[in-house]
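This report describes a protein model from its overall make-up down to single residues. Please consult the sequence and the structure shown below while reading.

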Amino acid sequence: FVFISCSGNEAQFEPNNLISISVDDTANANANGDASVLEITILDGDYSFQEPVYVDVKFSQFIWVNTGVPRVALDLNGITVYANYSSGSGTNTLRFLYLPSLGDNDTDGVNVVSPWELNGANLTDTIGQNPQLVFTPKYFPNVIVDTAPPSTTFNALPSINYHNQNAYNISGTCTENNQRLDIFAGSFSLSSTCSATGTFSFNVDLSSVAESPVNTVADVAIYTEHYDYAGNKTTSASTFVIKDTIRPYVISNTTSSTGMNIVGDPLDFSVNFNENIYGAGTKLKLNFSDSEKTPGSTFATYQSGTSTSSYAYQYTIPPGYITNGDEDTNGIVLGSTIDLDGTGILDYNGNQLVTTLATTSFATTFVDGIKPLITSVTTPTPGYSTYYIGQTMPITVLFDDVVYNSGTPRLAIDTFNVL
């Protein structure tokens, strides 16, 4: 109906009186023929169990759904399912709704199949005619239907240790994008969502989770509960990890090189830990009270022991002299810590070594790496200038240190270039 405003003889009509007249749209409808399908649309997306899939069908005329429920057929990998009429009567676009059932799956796109079906319904267009049922089928490659139960997989999970326990990363893949995902680790829980790309990654604080009684046995259960659109939940299998936040440490360190040690002697040290550790290349700083051949750079270097609870170190005393040599008459002293020398020493679960040494002073280990030097060689001036056969010529040799004779040392004397 069209409403118009009339004006005329003011004695007979009030201003702005309204009258109605009927407009016949039959000619226009007949000119356009029966209502036909112009366009079909479905929003791209991954649809899970019972997640609404709306199929919007646009016609060339307004359509009235008088009775019944018409439907549109969808092809899912050769299986036909139906989207039933939902809303839109009296407009040029009808909306159809499909709710995926368990077992409905199509990973390469959905086809809308012609013709759409009245399914016993009564539909009319603007002039009371039935709309056309046949249309051009349409393929929607980005409409994916997946009603498989929700599932998750974990990426490789390390042990929970001293260094990562406050920001432990739990990551993996999940099948229900943007849907609820709960994570459990021992007494810890976190409620979140699967990302739009089907992955999850969370840094969580697991400091309150109980330690593993045995630090080589995985006993902390980590698992997920994942939901689909309809609220269906799947609990994943548990992945078990170790929680060990106790860092390895030195329980004792000793030397077998007691007494006086001279040039060429090895100084051997043993460092014992509370558990097996892994890594090599460390060293022990040595401090000699009297002098050092290489001041500040004297180290016993790593010899053996990786993957065990005891490491061996050794320093061989080099030859030196009074101004350049190792000497300690009070007992050697070690640096306070193991020098990692740029390496990492870890236990089985990745905890870094506490490098503090248990003992640093060895009061009965002495070092004399200074070779004695001859400071002078003298002979007494005799009362005559010539020594004959059988005469003794005394020679005095002075050293810069106390020396001890063993055997029969001798001096070579050059007499007229004859030794």
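## Overall make-up

Of the 419 residues in the protein, 34% are buried; buried denotes a relative accessible area under 20%, exposed one over 50%, and partly exposed the range in between, with a 1.4 Å probe and protein chains only. The model is a predicted one, in which local features require pLDDT of at least 70 and side-chain atom pairs count only at pLDDT 80 or more, while totals for chains, interfaces and linings use all residues. Residues are numbered from 1 along each chain as its sequence is written, and side-chain values use heavy atoms, with hydrogens and water left out.

The protein contains 1 helix and 36 strands. Among the contacts in the protein with a separation of 6 or more, 66% are between residues 24 or more positions apart, a contact being heavy atoms within 4.5 Å. The accessible surface of the protein amounts to about 23,000 Å², and carbon and sulfur atoms account for 53% of this area. Accessible areas were computed by the Shrake-Rupley method with a 1.4 Å probe, and for residues only the protein chains shown count as cover.

Strand β16 (residues 168-174) runs antiparallel to β19, and 6 bridges join the two. Within this sheet, Ser 171 stands opposite Ser 201 in β19.

## The disulfide

How many disulfides does the structure hold? There is 1 disulfide, a term that denotes a pair of cysteine sulfur atoms within 2.5 Å. It is formed by Cys 174 and Cys 194, whose sulfur atoms lie 2.1 Å apart. Cys 174 is in strand β16 and Cys 194 in the loop between β18 (188-193) and β19; the pair, 20 residues apart, links distant parts of the chain.

The torsion about the S-S bond of Cys 174 and Cys 194 is about 90°, so the disulfide is right-handed. Both Cys 174 and Cys 194 are buried.

## Pairing around strand β10

Strand β10 (residues 110-117) pairs with strand β6 (residues 71-76) in the antiparallel sense over 4 bridges. In this pairing, Glu 117 in β10 is the bridge partner of Arg 71. Strand β10 also pairs with β12, again in the antiparallel sense, over 3 bridges. Here, Asn 111 has Tyr 139 in β12 as its bridge partner.

Pro 115 is placed in strand β10. The peptide bond from Ser 114 to Pro 115 is cis, with omega near 0°.

Thr 224 belongs to strand β20 (residues 220-227) and counts as buried because its relative accessibility is 0%. The side chains of Thr 224 and Thr 152 are joined by a polar contact of 2.6 Å, that is, a pair of N or O atoms within 3.5 Å; within protein, one must be able to donate a hydrogen and the other to accept it, and residues adjacent in sequence count only if both atoms are side-chain atoms. Leaving aside residues up to four places away in sequence, Thr 224 touches several residues, including Phe 154, Leu 181, Ile 183 and Ser 236.

Thr 136, by contrast, lies in the loop between β11 (122-124) and β12 (138-140). It counts as exposed because its relative accessibility is 67%. The C-alpha atoms of Thr 136 and Val 113 are 8.3 Å apart in space, and the two residues are 23 apart in sequence.

## Residues with positive phi

Most residues other than glycine have a negative phi. Asn 77, in the loop between β6 and β7 (79-87), has a positive phi near 50°. Asn 77 counts as partly exposed, at 47% relative accessibility.

Ser 307 has a positive phi near 70° and is located in the loop between β28 (299-304) and β29 (308-316). With a relative accessible area of 37%, Ser 307 is partly exposed.

Conventions: Two strands pair if DSSP finds at least two bridges between them.
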